[in-house]
2 protein chains.
Amino acid sequence: MAATARHDVYQAIADPTRRQILKQLAEKDASIKEIADTYSQSRTAIVKHLQVLQEAQLVRDRKEGRAKIYSLQPAQLMEVKEWVSFFEQYWDNKLGNLKNLVEEE
Amino acid sequence: MAATARHDVYQAIADPTRRQILKQLAEKDASIKEIADTYSQSRTAIVKHLQVLQEAQLVRDRKEGRAKIYSLQPAQLMEVKEWVSFFEQYWDNKLGNLKNLVEEE
DNA sequence: TATATATGAAACCAAAAGGTGTTATAAAAG
DNA sequence: CTTTTATAACACCTTTTGGTTTCATATATA
């Protein structure tokens, strides 16, 4: 979770807490406090998760007074979508083959 | 990479080597040796990656003589596809807003 | 049978991940 | 001005990751 290392989108979504944070931000922008209050983990831990998400460009932040507000920036998820899409032909074929098999009987 | 821990599909695809292995297996089933020869890493390292992929049910293996042949089992990737799909509405909205903005000018 | 080949398994390691708690600082409120 | 609130910055800890090397075993093949 080191902030120095470069995290890509795949690493960012590997953690369930981070996936939950993304869902939360999809509904509504939120401050660090608001996000941290949602989880049993410490605020520090949440901040680190947010840093990982930001390195992966899945969120961005803005300052509002003393609060830091995070918002969702989902564009990078397209990379994941496209990567997964490549494999669709294989599971589609699987289903297709199964369908043929069933129809032959 | 411990074989004891339970890895889910998100963790499995977080590593670039594992993603590459999946692409390789999509083209053609392969033995441990065949897979390991593709990478600069040691065979042992590749075996561990394969174990992670297997825990996530993204590959399965069969024995053929002294060789262990791995093949792709992509169904679990549907979970990822669906998770990502949820966020499509947000990046679509972004594009929609951008489109409106352009049309107003 | 002797040898080469493919895998299994163990011990070990450095670094990163994921988390904690403490202390400091900036901004808003009383 | 004092107090509260929200965040920042450290230092620290444990477990997991991703990798290594070494040795053993099972299976083909000359």
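A:Lys81 forms a salt bridge with B:Glu88, and the closest N and O atoms of the pair are 3.0 Å apart. A salt bridge here is a side-chain nitrogen of Lys or Arg within 4 Å of a carboxyl oxygen of Asp or Glu. The structure is a predicted model, in which local features need pLDDT of at least 70 and side-chain atom pairs count only at pLDDT 80 or more, while totals for chains, interfaces and linings use all residues. Residues are numbered from 1 along each chain as its sequence is written, chains are lettered from A and ligands numbered from 1 in the order in which they are written, and side-chain values use heavy atoms, with hydrogens and water left out.

Three salt bridges are counted between chain A and chain B. Two residue pairs are in polar contact between chain A and chain B, both residues being at pLDDT 80 or more. A polar contact is a pair of N or O atoms within 3.5 Å; within protein, one must be able to donate a hydrogen and the other to accept it, and residues adjacent in sequence count only if both atoms are side-chain atoms. On the side of chain A that touches chain B, helix H1 (9–12), helix H2 (16–27) and helix H5 (77–104) of chain A each give two or more residues. Helices (H or I, at least four residues) and strands (E, at least two) are DSSP runs, numbered from the N terminus. H5(A) provides the largest share of this side, twelve residues. By class, the side of chain A that touches chain B holds 16 nonpolar, one polar and seven charged residues. In this grouping Ala, Val, Leu, Ile, Met, Phe, Trp, Tyr, Cys and Pro count as nonpolar, Asp, Glu, Lys and Arg as charged, and the others, Gly among them, as polar.

In total, 24 residues of chain A are in contact (heavy atoms within 4.5 Å) with 24 residues of chain B. The size of an interface is often given as the accessible area lost when the parts come together. For chain A and chain B the buried area is about 2,600 Å², 75% of it on carbon and sulfur atoms. This area is the accessible area (1.4 Å probe) that two parts lose on being put together, summed over both.

DNA strand C is surrounded by 23 residues, of which the closest are A:Ser42, A:Lys48, A:His49, A:Gly65 and B:Lys33. Sugar and phosphate make up 61% of the atoms of DNA strand C that come within 4 Å of the protein. A residue counts as near a strand if one of its heavy atoms lies within 4 Å of it. A polar side-chain atom of A:His49 is 2.3 Å from a phosphate oxygen of DNA strand C, and an N or O atom in the side chain of A:Arg18 is 3.1 Å from a phosphate oxygen of DNA strand C. At a base nitrogen of DNA strand C, the distance to an N or O atom in the side chain of A:Arg66 is 3.4 Å. H4(A) gives the most to the surface near DNA strand C, four residues. That surface divides into five nonpolar, nine polar and nine charged residues.

Around DNA strand D there are 22 residues, the closest being A:Lys33, B:Ser42, B:Lys48, B:His49 and B:Gly65. Here sugar and phosphate account for 65% of the atoms of DNA strand D within 4 Å of the protein. The side chain of A:Arg66 has an N or O atom 3.0 Å from a base oxygen of DNA strand D, and the side chain of B:Thr44 has one 3.2 Å from a base oxygen. For B:Gln11, a side-chain N or O atom is 3.4 Å from a phosphate oxygen of DNA strand D. The largest share of the surface near DNA strand D, four residues, comes from H4(B).

In chain B, three strands form an open sheet in the order E1-E3-E2, with antiparallel pairing. Two strands pair if DSSP finds at least two bridges between them. Strand E2 (residues 59–64) and strand E3 (residues 67–72) of chain B pair over six bridges, and B:Val59 has B:Leu72 as its bridge partner. The hairpin of E2(B) and E3(B) has two residues between the strands, and B:Gly65 takes a positive phi near 65 degrees there. Chain A has an open antiparallel sheet of three strands in the order E1-E3-E2.
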